[in-house]
Amino acid sequence: MYEAVHAHPDGQSTVARFAKTAADYGFEGVVVRNHDGARAAYDPDEIRDEYGIDVVEGVEIRADDPQQASGSVGNFRTSHTVVGIHGGTTALNRFAVEQAKVDVLAHPMTGNGDFNHVLAKAAVENGVCIEFNFGGVLRQSGGRRVRILQSLRKLREIVDHYDAPYVVSADPTSHLELRSPRELKALSEEIGFSAEFVEDGLAEWGRVAERNRHVQSESFIEPGVERGRYEEES
């Protein structure tokens, strides 16, 4: 299972501090999902060797409109393993799920954002994961927390119905906001989600990273066609 984090300067903790805490909590990896305007400086291999945890180079693109988002996706796709779009508007949510080069639609229900069956079908067709962000449930209270829960439950109904891919995150900006998989599964059962749902959503970050690393590898040519040993030796 993996957690996706906002590290310094997008958050308060360094990538290394996140990695150490995540390893202590039993995660197999962390995805560094800093916004494109606040990227972190770190050596993923060095941190991986130090703490025994996978460190995935990701980016969460924040844009004013789909045109700006499209340019950013083109800029970051070849250099980052996981590419997400910070949603929250109808236009950006639709753009994200219609792009096969996008891995994750983050924060789809924030702001004026909404999600419906048309977007779910597009997400399935293009393999775009929908994020279930538990950060608000963990860190908000009162009426705001109630509205966040309502949005998450509505999102789950649509995602379940269309069997759309999804990821789960507590969206931590500090290692102090990290929650272990066990804690997140316990929280999920309190708010009407199953432990299996959360476990699968945390694991999906790792599956996305593994798939993209394979596609970006030198052996990959196109789906179904890879450079084989016979070709390397010829």
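Analyst: Happy to. Let me begin with what lies across the sheet: helix H4 (residues 90-97) lies across strand S4 (82-86), strand S5 (104-106) and strand S6 (129-133), and runs at about 160° to S4. Helices (H or I, at least four residues) and strands (E, at least two) are DSSP runs numbered from the N terminus, and axes are lines fitted to C-alpha atoms, for helices over the stretch in contact, with angles from 0 to 180 degrees between N-to-C directions. Contact means heavy atoms within 4.5 Å.

This is a predicted model, where local features need pLDDT of at least 70, side-chain atom pairs count only at pLDDT 80 or more, and totals for chains, interfaces and linings use all residues. Residues are numbered from 1 along each chain as its sequence is written, and side-chain values use heavy atoms, leaving out hydrogens and water.

Now the sheet itself. It is open, with 7 strands in the order S1-S2-S3-S4-S5-S6-S7 and parallel pairing; two strands pair if DSSP finds at least two bridges between them. At the edges sit strand S1 (2-5) and strand S7 (166-169), each pairing on one side only. On average, neighbouring strands of this sheet are turned by 30° against each other, direction ignored.

Ser180 counts as buried because its relative accessibility is 11%, where buried means under 20% relative accessible area, exposed over 50%, and partly exposed in between (1.4 Å probe, protein chains only). Leaving aside neighbours within four places in sequence, Ser180 is in contact with Tyr25 and Phe27.
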